[in-house]
Amino acid sequence: MSSPESQSRFTYPSNYSFPHHRLNRVMRDSSKTPIVLVACGSFSPVTYLHLRMFEMAKDYCRQNTDFEIVGGYLSPVSDQYVKPGLLSAEHRVKMCTLAAEDTSSWLMIDPWEAFQSYQRTAVVLDHFDFELNNVLGGVQTADGEHRNVRVMLLAGSDLIGTMSQPGVWSQQDLDHILGRYGCFIIERAGTDVDQATDSLARWKHNIHIISQLIQNDVSSTKVRLFLRRGLSVRYLLPSAVVDYIEQNKLYVDEATAAEKEKEREMLATLSKKKATT
Ligand SMILES: Nc1ncnc2c1ncn2[C@@H]1O[C@H](COP(=O)(O)OP(=O)(O)OP(=O)(O)O)[C@@H](O)[C@H]1O
Ligand SMILES: NC(=O)c1ccc[n+]([C@@H]2O[C@H](COP(=O)(O)O)[C@@H](O)[C@H]2O)c1
């Protein structure tokens, strides 16, 4: 667990320690700004697209910004977040860990959010900022100069779309997330990014929109639907995650009414799309 100072600001799950084994503590290019990417979500289950979001952001940063990515984290949401199809945090954290270990050399899973009461995204980003800069002391340049790490949110455009919906995010939190930290938004089929970011114009300088040059429309909802119908999901998720789902017989239970409704909406969108092509 972190220093006593942190205990007054944050609550911690028991036996928690902040993962930093893959954090790049020495920058490659001292002229750049070190950043850490944080993707918050359900990850029920984690898919290749969740992992690919980080690679897309990496390419974008290299080509368009003065940022150097020194680490990437998936932060699965708490069980208290009410959402159809949300499996227990234990399974979700395990699947994310298997996925990162199996497929990546730089992604990490932070279980801080998952194993406690629901924490707003603004608080989650503060937690990362605290652990990276106050507890670990940031990173260094090759010359040994200290640099604070900037935390940035990584999300799909559906999430940024919810930021204009009344009652979902407080103005104070939006100002904190987009004004203080900033974000990378991956375009996602079904969301008009311009419309989604219209009301967020005052933070435009901190919002980086990334196009999906190779469209991948996989979603956890579709994966759950396939599993429930006994269809294969191999090659949509890392093999280790598919094996884990099979071994633990996950996502085979009858869908809840809310989930059935979500599936109906998704199937209707898919057949509409088919009809227009
Ligand atoms: N196909 C995709 N394209 C772009 N962003 C995505 C895609 N799938 C997931 N994301 C983003 O990944 C993050 C985590 O998402 P989440 O775990 O809620 O996945 P999801 O696939 O949208 O889940 P569900 O289908 O259960 O709603 C969110 O910011 C979401 O926008
Ligand atoms: N006010 C907030 O902080 C707020 C609102 C909506 C979603 N979120 C976060 O967005 C993430 C993804 O949510 P969905 O899976 O519902 O798209 C979750 O981690 C959730 O905590 C945060």
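Let me begin with one residue: His176 counts as partly exposed because it has 18 C-beta neighbours inside 10 Å. On this scale a residue is buried if 20 or more other C-beta atoms lie within 10 Å of its own, exposed if 12 or fewer, and partly exposed in between, with C-beta atoms placed from the backbone. His176 sits in helix H6, residues 171–181.

The model is predicted, and local features need pLDDT of at least 70, side-chain atom pairs count only at pLDDT 80 or more, and totals for chains, interfaces and linings use all residues. Residues are numbered from 1 along each chain as its sequence is written, while chains are lettered from A and ligands numbered from 1 in the order in which they are written.

I turn to the chain as a whole. It has 10 helices and 8 strands; these are DSSP runs, helices being H or I of at least four residues and strands E of at least two, numbered from the N terminus. A compact globule of 277 residues would have a radius of gyration near 19 Å, and the chain agrees because its own value is 19 Å. That radius is taken over C-alpha atoms, and the globule rule is 2.2 Å times the number of residues to the power 0.38. Along the principal axes, the C-alpha atoms fill a box of roughly 55 × 40 × 35 Å. Buried residues account for 35% of the 277. Of the contacts between residues at least 6 apart in sequence, 78% join residues at least 24 apart, a contact being two C-beta atoms, placed from the backbone, within 7 Å.

An unreviewed UniProt entry places the feature "domain: Cytidyltransferase-like" at residues 38–224. Such positions are given in the numbering used here, feature names are shortened, and annotations may be inferred rather than shown by experiment. Over residues 38–224 the chain is 40% helix and 19% strand, with the end C-alpha atoms 24 Å apart.

Next, the ligands. Which residues are closest to ligand 1? They are Gly41, Ala155, Gly156, Ser220 and Thr221, within a set of 21 surrounding residues. The elements giving two or more residues to this shell are E1, helix H2 (48–64), strand E6 (150–156), H5 and helix H8 (220–228). H2 gives the most, with 3 residues. A residue is assigned to a shell if its C-beta atom, placed from the backbone, lies within 6 Å of the molecule. By class, the shell around ligand 1 has 8 nonpolar, 10 polar and 3 charged residues. Here Ala, Val, Leu, Ile, Met, Phe, Trp, Tyr, Cys and Pro count as nonpolar, Asp, Glu, Lys and Arg as charged, and the others, Gly among them, as polar.

Ligand 2 is surrounded by 14 residues, and the closest are Cys40, Ser42, Val77, Arg120 and Thr121. Strand E1 (33–41), helix H4 (121–135) and helix H5 (157–162) each give two or more residues to that shell. Its residues divide into 7 nonpolar, 4 polar and 3 charged.

After H8 comes Gly230, with a positive phi near 75°.

Now the backbone. Most residues other than glycine have a negative phi, and most peptide bonds are trans. In the loop between E1 and H2 we find Phe43, whose phi is positive at about 50° although it is not a glycine. Phe43 counts as buried because 26 other C-beta atoms lie within 10 Å. Pro45 is also found in the loop between E1 and H2, and a cis peptide bond joins Ser44 and Pro45, with omega about 0°. Lys249, in the loop between H9 and helix H10 (257–276), likewise has a positive phi, near 50°. Is Lys249 buried or exposed? Lys249 is exposed, because it has 9 other C-beta atoms within 10 Å.

Finally, Ile210 lies in strand E8, residues 207–210, and is buried, with 20 other C-beta atoms within 10 Å. Its contacts, not counting residues up to four places away in sequence, include Met56, Tyr60 and Phe184. Ile210 and Tyr60 are 150 residues apart in sequence, yet 6.9 Å apart in space, C-alpha to C-alpha.
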